[in-house]
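Please open the model in a viewer and keep the selection tool at hand. The stops below follow one another as a tour.

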Amino acid sequence: MTLLNRLRDYPHILEVAYQFTEKVFQLLNPIFQRLGYEWADKLLRLPEKIGKGAVFNCQMCGQCALHFTGMTCPMGCPKNLRNGPCGGVRLNGFCEVDATKKCVWVEAFERSKKMRVYGADIYVLLPPLNQQNMGRSAFINIAFLKNSEMPEAWQMETGLRHDHK
Ligand code: SF4
């Protein structure tokens with residue numbers, strides 16, 4: 001685990017960074033609008049991949065769930081589960097597929113308890129992963145394109161548009 005990966009164990013700091021990022025993106029929205037979201041998506045893919053890759057091992061699913069999952073990337077689960085663990089978690093909290101790794105969802109739940117802003121979001125039911133968004137910038141997709149390609153009923157349940165108190 002790298003030094004940056006270790007930041008995941010400080011989710012209360014990461015959630016503040018997330019809030020800050022959300023505000024910055026809202027401020028930048030007029031620029032993205034002028035540029036066109038498709039172009040903004042292309043521009044942001046690489047920095048997003050590098051930044052979130054370094055901290056979260058982000059796999060660019062295009063449908064970021066971090067603040068719903070204790071700032072723990074659900075794509076780290078070998079089964080890519082997005083709504084809690086499978087039935088195979090070992091008694092010691094490790095993964096049934098890779099016994100050397102702690103279950104992503106055990107980590108997510110433990111970390112969510114340290115989060116004062118988004119901690120309760122761990123209980124929100126997340127939409128299924130839309131594979132068509134793989135590789136896209138989740139910042140743009142979720143914040144401004146309303147999680148494109150997602151059936152309308154799911155769109156308000158995820159991402160930056162979620163109504164945080
Ligand atoms: S949920 Fe998706 S966008 Fe967010 S860190 Fe994981 S792979 Fe990246």
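Begin by selecting N80: with 12 C-beta neighbours inside 10 Å, this residue counts as exposed, because the limit for that class is 12 or fewer. The model is a predicted one. N80 sits in the loop between α2 and α3, and its phi is near 55°, a positive value in a residue other than glycine. Most residues other than glycine have a negative phi.

Next, select N57, which also belongs to the loop between α2 and α3. Its phi is positive too, at about 55°, although N57 is not a glycine. Is N57 exposed or partly exposed? N57 counts as partly exposed because it has 16 C-beta neighbours inside 10 Å.

Now display the whole protein chain as a cartoon. Among contacts between residues at least 6 apart in sequence, 63% join residues at least 24 apart.

Move to helix α1, residues 11-35. At L28 this helix bends by about 50°, and a proline, P30, follows within four residues. Colour P11, L14 and E15, which are buried in α1. Against which helix do the buried residues of α1 pack? They pack against α3, residues 104-112. Just after α1, select G36, where phi is positive at about 95°.

The next stop is the largest nonpolar core, a set of 18 residues. Within this core, C64, L66, I140 and A143 touch the most other members. The elements that give two or more residues to it are α2 (37-56) and α4 (138-143). The largest share, five residues, comes from α4. Centre the view on I140: leaving aside neighbours within four places in sequence, I140 is in contact with F32, Y37, A40, D41, L44 and L145. Then select C77, C95, V104 and W105, which are among the six residues of a second, separate core.

Finish at the ligand. How many residues surround the ligand? There are 14, and the closest are C58, C61, C64, C73 and M75. Colour this shell by class to find 11 nonpolar, two polar and one charged residues.

Conventions
Residues are numbered from 1 along each chain as its sequence is written. This is a predicted model: local features need pLDDT of at least 70, side-chain atom pairs count only at pLDDT 80 or more; totals for chains, interfaces and linings use all residues. A residue is near a molecule or strand if its C-beta atom, placed from the backbone, lies within 6 Å of it. Ala, Val, Leu, Ile, Met, Phe, Trp, Tyr, Cys and Pro count as nonpolar, Asp, Glu, Lys and Arg as charged, and the others, Gly among them, as polar. A nonpolar core is a set of buried Ala, Val, Leu, Ile, Met, Phe, Trp, Tyr and Cys residues joined through C-beta atoms within 7 Å. A residue is buried if 20 or more other C-beta atoms lie within 10 Å of its own, exposed if 12 or fewer, and partly exposed in between; C-beta atoms are placed from the backbone. Two residues are in contact if their C-beta atoms, placed from the backbone, lie within 7 Å. The bend at a residue is the angle between axes fitted to the seven residues ending there and the seven starting there.
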